[in-house]
Amino acid sequence: MAKFTSIGETTLFLLIAIVHSALAGGHDYGQALSKSLLFFEAQRSGYLPGNQRVKWRGNSGLLDGKASGVDLVGGYYDAGDNVKFGLPMAFTVTMMSWSILEYGSQIAASGELGHAMDAVKWGTDYLIKAHPQPHVLYGEVGDGNTDHYCWQRPEDMTTSRSAYRIDENNPGSDLAGETAAAMAAASVVFRRANPAYSRELLSHAHHLFDFADKYRGKYDSSISVAQKYYRSVSGYADELLWAAAWLYKATNEPYYLDYLGENGDALGGTGWAMTEFGWDVKYAGVQTLVSMFLMGGKAGSHSPVFGKYQEKAEMFMCSTMGKSYHNVQRTPGGLIFRQRWNNLQFVTSASFLLTVYSDHLTAARKDLQCPSGSVAPSELLAFAKSQVDYILGDNPRATSYMVGYGNHFPQQVHHRGSSIVSIKVDPSFVSCRGGYATWYNRHASDPNLLTGAIVGGPDAYDNFADQRDNYEQTEPATYNNAPFLGILARLNGGHAAAHNQLLPVEVPLHKPIAVQPKPLSPYTDPIEIEQKATTSWVSNGKTYYRYSAIVTNKSRRTIKNFNLTISKLYGPLWGLTKTIGGSYGFPAWVSSLPADKSIEFVYIHSAPFADVSVSSYTLT
C-alpha cells in the first residue's frame with residue numbers, strides 16, 4: 001500500500017516528456033474538449049459505427065438482452081469495467097446534454113458539436129431500448145461481481161450478461177427519474193437537428209416520470225446487484241425533482257413547474273443544503289436549475305418556494321468556494337476534495353454548476369451572496385477555472401489527470417480495454433483470469449491510449465500513485481467527463497456573446513507566477529536550458545514553488561551520456577535520474593535526446609531557482 005504524506009513531505013512530483021518544443025503558457029481547452037469526447041467512443045458497447053475514431057476498440061456485448069427477450073445492445077460501459085449501469089449512464093447523458101444546452105455555440109465553434117451530439121445519441125439510443133414499456137426499464141446489463149472477477153477486454157468478455165429491470169412490482173424511482181431527466185434534456189439537444197427523435201425522447205421522458213412518481217421505491221432494492229457499485233444513498237426524492245425540472249425545461253408545461261413548487265419541501269429541494277453533486281445526489285443540480293427558472297422570470301406563483309431552492313443552491317456555491325460557514329475541504333494545492341475514491345467526479349460536476357451559475361448571475365446582473373460577503377460572478381468562473389487547470393496539470397505534481405493531455409499523465413489506467421492489447425493487433429483470446437496474470441499485473445504503460453479519460457485523481461494531499469491496481473485514483477468514469485465538456489467549451493470560448501463576462505485571467509488560491517524565463521546553460525549551442533516558476537501555493541504557512549526546467553537539443557545530432565549538475569535544491573525533483581556521483585542524467589526510460597526535442601523536469605521547494613548547469617554530454 002502506498003504511503004501518502006503531506007505536501008511538505010511528498011517525494012514524487014514531476015513529469016518527463018519528449019516534446020517538439022518548449023511548453024507554452026496556459027491550457028488548450030479546445031484540445032482538451034476534443035480529447036474528452038474521444039473517451040466516450042472508447043466506452044462504447046455494441047456495434048461500433050463506421051466513423052468510430054478510437055480504432056483499438058471493437059464490437060462487444062452483441063447479445064446483451066437476448067436472454068430476456070429484449071435488445072439491449074449498445075450504450076456505455078461506465079468506467080474501467082464491462083458492466084452497463086443504468087443510473088450513472090443516464091446521469092452521464094443528462095450532463096452531456098446540459099453541457100450542450102448551455103455552451104452549444106462554443107462547442108460548435110470548436111468544431112466538436114457533431115461529436116458531442118453523437119455522444120449523447122449513443123447513450124439515448126440505448127436508453128430507448130432499455131425502456132420497452134411505459135413502466136418497464138432495464139437498469140443494468142452484466143454483474144459487477146463476476147465482471148470484477150475477470151480482467152478481459154470487452155470484445156472477449158465471458159462474464160454474465162444478465163439484464164436487470166424495474167417495473168411496477170419492483171420500482172426504482174431514482175433510476176426512472178434520472179432516465180427521464182436524460183431523455184428530457186437530450187430532447188432539447190435534438191429539437192432542431194432531429195425533431196422526430198426529439199419527440200420520441202420526450203415521450204419516453206413523460207412515461208418514465210409518471211412511472212417514477214406513481215411507483216415509488218429505490219432502484220437498488222429492486223436491482224440488488226447494483227448495491228455494491230451504485231447504491232442510491234440519497235434515495236429517489238432528488239431524482240423526482242431533477243426529472244420534473246428537466247421536463248419543465250424541455251416542455252414549459254405548467255404541470256412540472258407546479259410539481260417543483262408543490263413538492264419542494266416534501267422532497268427536500270428546499271431543505272437540503274448539499275456540498276456535493278453527482279450521479280447519486282442531485283439536489284444541488286435541481287436547486288441550480290430552479291434558480292435559473294426564478295432568475296429567468298418563470299417562477300410565477302411559486303417564487304417564494306423557488307427562492308428557498310435558490311438559497312440552497314447558493315449555499316452550495318459558497319461552501320464550494322470556501323466562503324460559507326461549512327466549507328468543502330481542499331487539498332494543499334487547491335483542489336476540491338470529498339473522498340479518495342474517484343474524487344474528480346465531484347470536482348468536475350461542482351465546477352460545472354459554478355460555471356453555469358456564474359453566467360446566469362451575470363445575465364441577471366446579480367452577485368452571489370455568501371456569509372463572507374458578496375461574490376461577483378467572475379469569481380465563480382475563476383474558481384471553476386482553477387479546478388479545471390488543476391486537473392489539466394497546474395498542480396503540485398505537474399500531472400495532467402486527463403489521459404493523453406499534456407506531457408505527464410497516467411500511464412497505467414485501471415481500465416480493461418486500454419490495459420490489454422487491442423483485439424485488432426492480437427486477436428488471441430484473453431481469458432477471465434489470464435487477463436489478470438498477463439495484463440493487469442504488467443507494470444508497464446497501457447498498450448492502448450485511453451485519450452481524454454479523466455481518472456479518479458489525487459488524494460487529500462495532492463499525492464497520486466500511477467498504478468493499475470490503484471483503482472481509487474486511476475480508474476476513469478463517463479460521469480467524470482460529462483460535465484467537463486461544458487466547462488471546457490466555456491473556457492475555450494472565452495468572452496462569449498451569450499454571457500457578458502470576460503474569462504478571468506488569474507485564479508485564486510493556485511496562481512501561476514509570472515517569472516521571466518531563466519537561461520542557465522553556458523552551452524548556448526547545442527544545449528539550451530530554460531526554467532521558470534509556474535505555480536505557488538501555501539501549506540502550513542509556508543509558500544512552495546513549482547519550477548519547470550526544459551532542456552532542448554538545439555543541435556542537428558542526438559545527445560547521449562547527458563549529465564546535469566544541480567545545486568541549491570531543497571525539495572523533491574522528478575524527471576531525471578540521480579547518478580552515483582551526485583549529478584543528474586536522463587531518466588531510466590530515456591536513453592537519448594534527438595535533435596530539436598526537449599525534456600522537462602520539475603522540482604518543488606520553498607526557495608528561489610536551483611542552480612542548474614550542464615556537466616557533460618556526447619553528440620552522436
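Trainee: How many cavities of 30 Å³ or more does the structure hold?

Mentor: This is a predicted model, in which local features need pLDDT of at least 70, side-chain atom pairs count only at pLDDT 80 or more, and totals for chains, interfaces and linings use all residues. Residues are numbered from 1 along each chain as its sequence is written, and side-chain values use heavy atoms, with hydrogens and water left out. A cavity is a set of points, on a 1 Å grid over the protein atoms alone, where a 1.4 Å probe fits but cannot get out. Cavities of 30 Å³ or more number two.

Trainee: What volume does the largest cavity have?

Mentor: Grid points are joined across faces, edges and corners, and a volume is the space filled by probe spheres set on the points. The lining, meaning residues with an atom within 4 Å of a point, includes R57, D81, H415 and R416. For the largest cavity the volume comes to about 50 Å³.

Trainee: How many charged residues are in the lining of the largest cavity?

Mentor: Ala, Val, Leu, Ile, Met, Phe, Trp, Tyr, Cys and Pro count as nonpolar, Asp, Glu, Lys and Arg as charged, and the others, Gly among them, as polar. On that scheme the lining has four nonpolar and five polar residues, and the charged ones number three.

Trainee: Which helices each supply at least two residues of the lining of the second largest cavity?

Mentor: That cavity has a volume of about 40 Å³, and its lining includes L37, F40, E41, H115 and D118. By class the lining divides into four nonpolar, one polar and four charged residues. Helices (H or I, at least four residues) and strands (E, at least two) are DSSP runs, numbered from the N terminus. Those asked for are helix 1 (29-42) and helix 3 (113-129).

Trainee: Which helix gives the most to the lining of the second largest pocket?

Mentor: A pocket is an open set of points with protein on both sides within 12 Å along at least five of seven lines. Helix 8 (227-230), helix 13 (344-364) and helix 16 (434-440) each supply at least two residues. The most, three residues, comes from helix 8.

Trainee: Where do C318 and C370 lie?

Mentor: Their sulfur atoms are 2.0 Å apart, forming a disulfide. With -90 degrees about the S-S bond, the link is left-handed. It ties together parts 52 residues apart in sequence, because C318 lies in helix 12 (residues 303-320) and C370 in strand 4 (residues 368-370).

Trainee: Is C370 buried or exposed?

Mentor: Buried means under 20% relative accessible area, exposed over 50%, and partly exposed in between (1.4 Å probe, protein chains only). C370 has a relative accessible area of 10%, so the term that applies is buried.

Trainee: In strand 12, which residue is the bridge partner of L564?

Mentor: Strand 9 (residues 559-567) and strand 12 (residues 584-585) pair in the antiparallel sense over two bridges. The partner of L564 in strand 12 is Y584.

How values were computed: Two strands pair if DSSP finds at least two bridges between them. A disulfide is a pair of cysteine sulfur atoms within 2.5 Å.
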